[in-house]
Amino acid sequence: MLLRFAMILQSQAPSTLNKYICKLAEAVLLECHTGLNLYELNQAINNQFNLAFTEEEIESAITKKGQGRILITDGTYSLSTSAIQFLSTQPSLAGKLDATISKFVSATAINTPINEVAALLLKYLYYCFNSNVDNLLSLFEGKITYSVNSFEASPEEISIINSFVAWEDSEKDSLVYSLIATCYEYCMLTIKKDNILSVELFKGKRFYLDANMIFRMAGINNEERRTVTTAFVHHCQKAGIELYCTSATLDEVYRVITSQVEFIRGIAGSSMPVSSNTLESINPSMEINDFYKIYYEWCLTSENQYGDYVSFNRYLFDIVQDTLCQLKIKESSAYKVGPSSKYFEEHTASLKDYKNSKRRWRYTSPASAETDITNIMDTLAWRKGTGSSIWQTNDFIVSADQLLISWADKAFSGVPIVVLPSVWLSIILRFTGRTDDDYKSFCLFLTQRQHIVDRNSIDPIQLLRNINSKTNQTEIKEQIIVEITQNKAQYTFETAEDYDANTDRAFDKVLEEVYGKTAQQINEMRDEMRQQLSNLASNSQAQIEERARISAEAERERTLVTLSKKQAADKVGKFRKMRGFGWILYLLAGIVLMAGICIYIFEIFPVYPWLLSILPQKLQSAEIFAIVWTIVSGGIFLIFTAFNKLITFLGSEDRENDLYERFYKQNKSTIS
């Protein structure tokens with residue numbers, strides 16, 4: 001282990017890591033000539049070699065070290081023709097090992113199957129790279145030293161390894177050097193998991209996830225992001241990093257859900273929503289709103305009714321609730337009033353203006369900027385008294401918002417406040433291990449060989465909003481979209497007036513050509529649909545009441561989560577305080593056990609005679625006393641030990657999560 005760690009600390013420069021990642025990517029892409037996108041490539045490397053990397057690590061490595069061999073076309077990674085030709089002619093190291101072992105078995109008349117000999121040699125090679133330099137040098141010197149006592153193998157197996165290493169064969173010698181070189185490459189990529197090192201490096205770290213990260217965890221921002229975020233959360237938990245959601249972020253989560261439901265109501269109305277695939281056909285380069293996709297899928301379920309936005313809002317809350325139960329809640333401070341209000345307002349305005357100037361197509365609201373600034377100011381306050389390096393600093397905001405990170409880096413010097421999840425994941429993987437099965441990954445490793453904006457691009461949401469103002473019939477909506485997408489050259493969508501005028505043209509054409517309506521019938525249908533839409537709009541009081549119910553539901557849900565989290569934390573808090581003194585119980589248990597042994601062996605006065613005197617006459621013999629005293633001492637020891645384990649359990653994270661779910665259900669039932 002120390003040998004591997006020394007290698008990594010000495011040689012794992014970014015360029016070295018990049019080179020080895022490219023080799024893994026080439027091995028995967030050789031099996032897939034059509035190419036893979038970045039997400040698929042990362043998953044394939046993990047599946048084939050059982051090694052974890054971030055997408056940013058792979059993308060950076062290929063950009064820096066894969067030029068000429070790995071091609072990137074419209075986000076798809078593939079091998080160049082020359083790289084395919086070269087790699088296809090190269091035998092795998094595992095294949096060469098099997099061939100050499102087969103030759104070795106034939107030459108030495110060993111009665112052991114080839115596959116068993118290969119497995120034994122891999123096991124020893126793996127051992128060498130996880131022990132010390134002497135064992136590694138023995139491979140070069142042609143003998144195994146007897147510092148291999150910790151290597152679990154029978155004398156017969158040791159003999160086989162010795163015979164193979166000492167066997168005089170030029171092909172074997174070349175293979176051994178190749179194996180050692182490949183093992184060294186593996187060491188450059190990985191460090192075997194060390195729980196002690198991991199605990200020390202990440203001890204006390206607290207990550208505060210922003211609303212976007214929480215939505216990604218919940219699977220709202222597409223499945224690929226959910227997979228990546230789930231992996232990040234999993235590795236944080238393994239490293240002992242505490243994950244939090246601040247109360248300010250919690251407010252934003254429910255505020256975003258409520259506003260998104262209102263947004264969908266505005267473009268879908270009370271009719272069945274247009275399918276996501278139909279909307280994507282309008283402009284394949286533009287992503288469809290994730291909440292809209294979820295709403296469409298929700299409407300397809302038989303027990304759900306389209307237009308029932310209160311129930312859909314409840315459904316979104318339930319999705320988020322399953323994610324929030326994994327996080328701790330930390331109360332945010334109120335900076336809008338008090339001595340920090342001016343500082344707070346200045347930074348809020350600065351962040352909002354910065355984001356809106358850099359990302360004009362998505363408006364940053366004052367409420368969103370206020371949440372970010374509140375979290376930043378709280379994080380700085382929670383950091384007070386800690387060190388000035390990344391390892392001495394415990395509190396960080398984790399966000400995928402590049403603009404927030406860029407602004408924060410410019411506004412605040414020193415240790416970064418807001419950090420990308422991929423950056424932290426890269427650090428965690430480097431020090432806690434990229435694999436959960438190091439030997440399996442080791443063996444598998446040996447088997448290896450900008451957006452262009454269309455000037456006339458169509459915004460699907462804006463188009464749907466205009467169509468929705470013409471009709472509430474889903475079938476006609478979809479026919480209008482088909483007409484526009486199939487005859488784009490006939491329509492122009494540059495201004496708001498274009499959307500309105502061209503939607504009217506497409507609407508008339510669909511009614512005339514698809515439904516065979518005459519001009520008079522079209523005008524009559526237009527008037528009828530306007531009347532229907534007007535009737536819907538007249539029910540504004542019902543919509544106002546529904547919006548009020550949704551807003552009240554959001555506040556109710558926030559209260560439920562906050563209250564349930566606090567109740568659960570209070571229940572386990574007192575036991576966590578006691579848990580810090582658990583060693584005293586173990587000490588007392590040990591003292592009792594040792595005292596009992598000493599009293600019996602040395603017949604210590606006056607305890608020994610006194611104990612004998614209080615025992616019944618039948619138990620006063622030395623033999624019976626020994627048995628009784630042993631049972632009593634052991635019993636006291638077990639009671640102390642069991643009590644300490646009970647305290648540990650009562651203050652555990654698992655119990656807190658169970659209590660939270662129980663309190664959440666109870667409180668939900670009570671409030672309902």
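User: Is Phe396 buried or exposed, and what is its relative accessible area?

Analyst: This is a predicted model, in which local features need pLDDT of at least 70, side-chain atom pairs count only at pLDDT 80 or more, and totals for chains, interfaces and linings use all residues. A residue is buried under 20% relative accessible area, exposed over 50% and partly exposed in between, with a 1.4 Å probe and protein chains only. By that rule Phe396 is buried, its relative accessible area being 0%.

User: In which strand is Phe396 found?

Analyst: Beyond its neighbours within four places in sequence, Phe396 is in contact (heavy atoms within 4.5 Å) with residues including Arg206, Phe207, Tyr208, Val419 and Trp424. Strands are DSSP runs of E with at least two residues, helices are runs of H or I with at least four, and both are numbered from the N terminus. On this numbering, Phe396 belongs to strand β7.

User: In what order do the five strands of the open parallel sheet stand?

Analyst: Two strands pair if DSSP finds at least two bridges between them, and β4 (residues 206-209) pairs with β7 (residues 395-398) in the parallel sense over four bridges. Within this pairing, the bridge partner of Arg206 is Asp395. At the edges stand β6 (328-330) and β8 (418-419), each with a single partner strand, so one side of each is left without a neighbour in the sheet. The five strands of this open sheet therefore run in the order β6-β5-β4-β7-β8.

User: Which strands are the edge strands of the three-stranded open sheet, where each pairs on one side only?

Analyst: The pairing in this sheet is antiparallel, with the order β1-β3-β2. Four bridges join β2 to β3 (residues 76-79), and in β3 the bridge partner of Thr73 is Thr76. Pairing on one side only, the edge strands are β1 (36-37) and β2 (70-73).

User: How many residues are in the largest nonpolar core?

Analyst: A nonpolar core is a set of buried Ala, Val, Leu, Ile, Met, Phe, Trp, Tyr and Cys residues joined through side-chain atoms within 4.5 Å. In the largest one, the residues that touch the most other members include Phe207, Leu209, Phe232 and Trp424. Contacts of Phe207, leaving aside neighbours within four places in sequence, include Phe232, Leu243, Phe396 and Trp424. The number of residues in this core is 82.

User: What is the angle between the planes of Tyr254 and Phe317?

Analyst: Rings of Phe, Tyr and Trp (its six-membered ring) pair if their centres lie within 6.5 Å, and planes under 30 degrees apart count as stacked, over 60 as edge-to-face and the rest as tilted. The whole structure holds 17 aromatic pairs. Tyr254 and Phe317 form one of them, edge-to-face, with 5.1 Å centre to centre and, between the planes, an angle of 90°.

User: How many residues apart are Tyr254 and Phe317?

Analyst: The pair links distant parts of the chain, with Tyr254 in helix α14 and Phe317 in helix α17 (residues 309-324). Tyr254 counts as buried at 2% relative accessibility, and Phe317 counts as buried at 0%.

Notes:
Residues are numbered from 1 along each chain as its sequence is written. Side-chain values use heavy atoms; hydrogens and water are left out.
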